[in-house]
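Subject: Handover of a structure and findings

Dear colleague,

Please find below the structure that I am passing on to you. My notes on it follow directly after.

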Amino acid sequence: MFIYEKKLQYPVKIANCNPKLASFIISQYGGPDGELGASLRYLSQRYSMPYPELKGLLTDIGTEELGHLEMIGAIVHQLTRNLNDEQVREGGFAPYFVDHTTGVYPTAASGFPWNAASMAVKGDVICDLSEDMAAEQKARVTYDNILRMSDDPDVNNVIRFLREREIVHFQRFGEAVRLAKEKMDQKNIYFTNPAFDK
Ligand SMILES: [Fe+2]
């Protein structure tokens, strides 16, 4: 179960309206490498993870990603609240606005709605942890791209925090792969799942 704490992991306080920025930051809400997919990937993978410490790691990181999802939602909301009609039309925000007004909806910047096909749960230790490492790097690159395009310091200091967390997660999944390999049959160079390969 979860216990909700009514605060963000890192504060989001954006002074200026900017629908153009919101139109691509939404990708980290519901895009292919966004926080919704990240949280569901880890929280779903944990059931088939045979090692308790790695099951715990997936729960920890999956829960933190839910916290990141609400930070991205807060950014998009704060960038688009109080829009006037002129601002709705500028900066490429109109296609999003026509479908969702200023509600926060899980979609990619391209307009493709969130899809479970953007994440995987294979039920295999090495396969899932390898995907997790790649997913963290893809999220980091998306944050890099947002920083390349955004010049709002109120947004960028939050994005930098999130980017750093992706790097920490990548390192923790790297440690998880090493730990998993130690626990698996060292003579089996493919590191297949010992639950199936007795
Ligand atoms: Fe992450």
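In these notes a residue is called buried if 20 or more other C-beta atoms lie within 10 Å of its own, exposed if 12 or fewer, and partly exposed in between, with C-beta atoms placed from the backbone. Please note that this is a predicted model, in which local features need pLDDT of at least 70 and side-chain atom pairs count only at pLDDT 80 or more, while totals for chains, interfaces and linings use all residues. Residues are numbered from 1 along each chain as its sequence is written. Helices (H or I, at least four residues) and strands (E, at least two) are DSSP runs, numbered from the N terminus.

Two loop residues

Asn82 is exposed, because 8 other C-beta atoms lie within 10 Å. This residue sits in the loop between α4 (52-80) and α5 (85-89), and Asn82 has a positive phi of about 65° although it is not a glycine. Thr101 counts as exposed because it has 11 C-beta neighbours inside 10 Å.

The annotated site

The UniProt record, an unreviewed entry, gives the annotation "binding site" to Glu35, Glu65, His68, Glu136 and His169. UniProt positions are given in the numbering used here, feature names are shortened, and annotations may be inferred rather than shown by experiment.

His68, in helix α4, is buried because 26 other C-beta atoms lie within 10 Å. Not counting residues up to four places away in sequence, His68 touches Glu35, Leu162 and Arg165. Glu136, in helix α7, is buried too, with 23 other C-beta atoms within 10 Å. Leaving aside neighbours within four places in sequence, Glu136 contacts Glu166, His169, Phe170 and Phe173.

The nonpolar core

A nonpolar core is a set of buried Ala, Val, Leu, Ile, Met, Phe, Trp, Tyr and Cys residues joined through C-beta atoms within 7 Å. The largest one has 39 residues, and those touching the most other members are Ala22, Ile25, Ile26, Ile72, Ile75, Val76 and Val158. Two or more residues come from each of α1 (19-25), α3 (35-45), α4, α7 and α8 (153-183), and α4 gives the most, with 10 residues.

With kind regards

Terms used. Two residues are in contact if their C-beta atoms, placed from the backbone, lie within 7 Å.
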